[in-house]
Amino acid sequence: MSVAQGLLRFETGGQGLTDITGEVAGWLAQSGMRTGVLTVFCRHTSAGLLITENASVAVQRDLLRWLDRLAPESTVYEHNDEGPDDMPAHIKTLLTGSALTIPFSSNRLLLGTWQGIFLAEHRARGHSREVVLTAIGE
């Protein structure tokens with residue numbers, strides 16, 4: 001059993017989903033790991049991770065509209081240290097999650113045909129985001 005760990009950085013353009021599947025798959029290919037489990041962890045409280053359909057951008061737009069309905073920008077939140085999108089971003093991160101676990105075999109992610117890994121930026125303006133990758137296996 002071996003462990004490989006790495007860090008990927010992404011610049012976001014503000015609220016939206018960034019497909020990071022290629023970067024994650026590229027890191028795994030370079031890791032030398034053949035079979036095991038990969039954990040993808042976002043180091044932020046206002047950005048999250050999700051696996052969703054990567055073929056239709058309409059799915060991504062629908063997900064973002066749904067999240068906005070669940071946690072709209074508002075003045076009703078007590079926590080607004082960084083503006084009206086601050087607390088809604090934290091709520092959206094709870095909904096999207098901060099970590100994913102993905103099996104891999106033959107040095108490839110075992111995602112489904114239409115699945116992609118997305119970094120969800122929940123803040124209105126862009127940020128520099130870090131994602132930690134930990135592969136455990138052989």
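Reply: Let's take the labels one at a time.

This is a predicted model, where local features need pLDDT of at least 70, side-chain atom pairs count only at pLDDT 80 or more, and totals for chains, interfaces and linings use all residues. Residues are numbered from 1 along each chain as its sequence is written, and side-chain values use heavy atoms, with hydrogens and water left out.

Me: Why is V3 called exposed?

Reply: Exposed means over 50% relative accessible area, buried means under 20%, and partly exposed is in between (1.4 Å probe, protein chains only). V3 has 59% relative accessibility, so it counts as exposed. You'll find V3 in strand β1, residues 2-11.

Me: And what makes Q60 buried?

Reply: Its relative accessibility is 15%, so Q60 counts as buried. Q60 sits in helix α2, residues 57-70. Setting aside neighbours within four places in sequence, Q60 is in contact (heavy atoms within 4.5 Å) with L17, E53 and F118.

Me: How do you know that R43 and E130 form a salt bridge?

Reply: The label needs a side-chain nitrogen of Lys or Arg within 4 Å of a carboxyl oxygen of Asp or Glu. Here the closest N and O atoms are 2.6 Å apart, and the pair is listed as a salt bridge. E130 is in strand β8 and R43 in the loop between β3 and β4, so the pair ties together parts that are 87 residues apart in sequence. E130 is also buried, with a relative accessible area of 18%.

Me: What makes R65 and D62 a salt bridge, and where do they lie?

Reply: Their closest N and O atoms are 2.4 Å apart, and they form a salt bridge. Both lie in helix α2, 3 residues apart, about one turn of the helix. R65 has a relative accessible area of 44%, so it is partly exposed; D62 has 43%, so it is partly exposed too.

Me: How many salt bridges are there in the structure?

Reply: There are 8. One of them joins R129 to E121, with the closest N and O atoms 2.7 Å apart, and both of these residues are buried. Salt bridges that share partners also join E82, D85, D86 and R123 into one network.

Terms used. Helix = DSSP H or I, 4+ residues; strand = E, 2+ residues; numbered from the N terminus.
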